[in-house]
Every structure is written in structure tokens, then in C-alpha cells.
Amino acid sequence: MPNTNTAVRLLCSIAAAAALAAPRCARPTQTKLAAATADPAVASREAFDDVVQKTYGRYPVTIVRGSGCELEDDAGRTYLDFVAGISTCCLGHGDQRLVDAITKQIQEVHHVSNLYYIPNQGALAAWLVKNTAGLDKAFFCNSGGEANEAAIKLSLKHAVQERGLKDPVILTAYGSFHGRTMATISATAQPKYHGPEGCWQVKGLAEHFEFNDIASLEAAFEKHEVAAILVEPIQGEGGVRVGTQEFLQKARELCDASGALLVFDEVQCGVGRTGRLWGHEHVNVIPDVLTCAKALGGGVPIGAMLCADKANVFAPGDHATTYGGNPLACAAALAVARAVDDDGLVANAAARGAQLEAGLRAMGDKYAGKITEVRGRGLLLGLELSPELGGAAKFVQAAADRGLLLVPAGADVVRFVPPLVVKAEQVDAALGILEECLAEA
Ligand SMILES: Cc1ncc(COP(=O)(O)O)c(C=O)c1O
């Protein structure tokens, strides 16, 4: 495969070195595993499971390299990647712009800490605030969860310090997903993430309303001292659900009337994915705070929390993270920013999104008994399957067997989030595989 990703190569060589080192440790379990199977791929997955905690349900696929929208596994099989590291690798794999940017930066200086000024961080913040209506200042971190954690801390401080609230809460929508830290998991209004007896919820931090239900939002707002409404303009993990104009506008009005902050979580739908730079641009409702991550670094970890001047209440020492906005991560994000500015990345997402959505809708008509709904915007699309098909995970496995990588979003929704550089013929190829899967399902 051309354009082999050097980072992937590096990881492979680390993995190979680890595998070579393993026999020297010769722990009994590894000896037992080696005897249990003759298939090296299975053996290496079993060895992996022997030492890595099982916090993820993994498909039995080992990806070793990628190029553009294609990935290759350890058996040489290629896949069309419509997952993009879960809405993250917006430039695809092995993109030369990203490779050049991080290669140059690591040769100069890759990490110094926020004890010092970092030119790339300033340049990225300038790009973000220039391209985000109403928002003036950026804080950088490493992930979506951390960006939301920062937004929650900022909102609570704003509520207490600027508005004198005594018992401030964050209001979030049922079906939302905001991350896995203790605060963001509490904000995530889906009990399946809250642990046994809800033991991972920080009590009193968050209260909830029904997504797209104005009466429910108003009732929750009335009942609590609201520091902020934190909401995804398009719910991703919750099943690809588009927030309506009226609902998001109502959230804006409630915040305006009370002084609460409106926080948009654009971790999944931001950075061009919906065919606009930000998902909320489709509804023209301006937030006070915006969080993003995933596509921001094209797969290199970086997150950001942007806020309006009126919400800019953090003082030195209030919030920090060692790696946040380091020169390397910002170099990657600046390469993504250049692709947005100069290479029509967002326009391609809009065009290919329209093509994919039209194809999915045609499929929805043809297989009406098997598909209950097609929804989403741009290249964040969901296909809701009829429950008789046995669930999204089974369907995703069937597609992977045919060479198309997809990802579930909830029990019955199959999500399409390819790299934003996806080509028209790749969208057609994905639709062809999907049709085979549907015909057989
Ligand atoms: C909308 C949204 N917010 C936050 C997160 C958490 O991001 P991360 O996994 O980078 O912490 C996700 C992850 O899927 C997300 O989709």
C-alpha cells in the first residue's frame, strides 16, 4: 500500500519488539496460550488480552497500516474505513500533510509544557476563534472528555462567582455522551455508563431533559439552579440524532434569560464532519462555550474548549493539563486547519455526505422492512435497523467480513463517519457492500 504511515510502522515495530521480548519473560499463561492455538493472529490477540484490561469489546481484526480511506489488517486484507477512528481521522490515514507537519515539529521541539509560550498553540487558538462565531478564547487538552470536563468546571465557576448560585447543576440530554471522566460520565445521561448502582456518578452534578423536547427542557430548567446547558447539536453515540432548530434556539433563550451558559459539545460533530465547520452552524444558534476534539488533530490527540469573553473566568491555576496544546499536537491540528482552509475539506464532507445520504435513503426505500430511519448531517449519518435484524453490532461484523468498517451508535443504529477526504467512488463502493449486507440480513 502506498504512503505507509510512519507512525503505524513505529507502533508495529514496538509491538514486534514486545513480542520478541515476551519469551524471555516466559510467564506460565503465555506458554499455555501459545500451545492453545496454531493461528498466529489468534495467538497474538490472546496474548494481547492476557495483558491488556478488557475495557473494550474488540472486533477480531488487527489493523497494521492505512492509506487514505483504506486500512489493512495483519493478514493483508484491506477494508474501506467508514469509521475513521470513530469520527477522528478526518484526513484519512498516512496523509502527507499530517506526516510532514508532525515530522517537522518533532524535529524542532515536540513538548515543553505550558510553563512557556507555544507559538503553534497561539496559532491554533487564533484559527479556532476566527472561525467560530461568538467565541474568543481557547483552552487546550487531549481528548473530548477532558474538553467537556474543562467546560463543566468553567460553567460551575461562572455560576458561583458571577451569578452567586449556591447549588449549581449542569443540564444535559438523555441519550447524550460527553465522556468517561467522573464529571463527564455524570453529564452523560445514559445509565449504561454509570456503573453498578450508579457508583460512577457524581451526585448532584448533573440533571437531565429529553433531547429535542422543549417542555422537558423548560421543566428541568425551572426545577434547578442551572449553571449550563451542555448539549450535542447532533447526538453521536446516542444514535445520530439531529438537534432541531427550535430546541437549540429555546436552550439559547433560557440561557440568555438566566445568565446560564450554553455549551455545545462538538467533539463528534465538529471540525467539518457535518459539511460545515461546526454542527451548530446548521441551526445558527451561537453557544457561549464549545468543546471539540477527535477530528481536530486528525487522529493525533488534542481537544479544545472555546469560550466567549463573558464566560472566560478561569484564572492561572484553575485548570491545567501537562500535554494540553503541546507543539506536536498543535502542529497536527494546524495541518487539519490548513486542509479546511486550502483544500476544501469541509466542502468535500458536504458533497460526499449528500451522496452517501442519498444512497442510504434509496436503500431505506428498497429495504423498508429492514431499515426504520436514515438520519444525520454531512458525513455523520446513521442507519437505524429494524430490531429483527439482530442489532447494529451483528450488522457491523457482516460489513467488516465484506471489507467495510462501520461502527454502531447504540443498539440498532449503524453509524457512517468516514474520513472527510473520502472519494465519490469509495462512497459508491461502501453503498455496494451495504446493499449486499442488507440483501442478506
Ligand atoms: C459528543 C462526544 N463528547 C465527548 C466524547 C468523549 O471524547 P473522548 O473519548 O475523546 O474523551 C465523545 C466520544 O465519543 C463524544 O462523541
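This is a predicted model: local features need pLDDT of at least 70, side-chain atom pairs count only at pLDDT 80 or more; totals for chains, interfaces and linings use all residues.
Residues are numbered from 1 along each chain as its sequence is written.

**Around the ligand**
- There are 14 residues around the ligand, and Ser 143, Gly 144, Gly 145, Val 267 and Gln 268 come nearest (a residue is near if its C-beta atom, placed from the backbone, lies within 6 Å).
- By class, the shell has eight polar, three charged and three nonpolar residues (Ala, Val, Leu, Ile, Met, Phe, Trp, Tyr, Cys and Pro count as nonpolar, Asp, Glu, Lys and Arg as charged, and the others, Gly among them, as polar).
- Helix α7 (residues 144-163) gives the most to this shell, with three residues; helices here are DSSP runs (H or I, at least four residues), numbered from the N terminus.

**Helix α7**
- From first C-alpha to last, the 20 residues of α7 reach 27 Å, close to the 28 Å expected at 1.5 Å a residue (1.5 Å times one less than the number of residues).
- After α7 comes Gly 164, with a positive phi near 70°.

**Helix pairs**
- α13 (residues 392-401) and α14 (residues 424-440) pack at about 125°, with axes 10 Å apart (axes are lines fitted to C-alpha atoms over the stretch in contact, and angles run from 0 to 180 degrees between N-to-C directions).
- α5 (residues 96-108) and α11 (residues 327-342) pack at about 150°, with their axes 9 Å apart.

Terms used. Helices (H or I, at least four residues) and strands (E, at least two) are DSSP runs, numbered from the N terminus.
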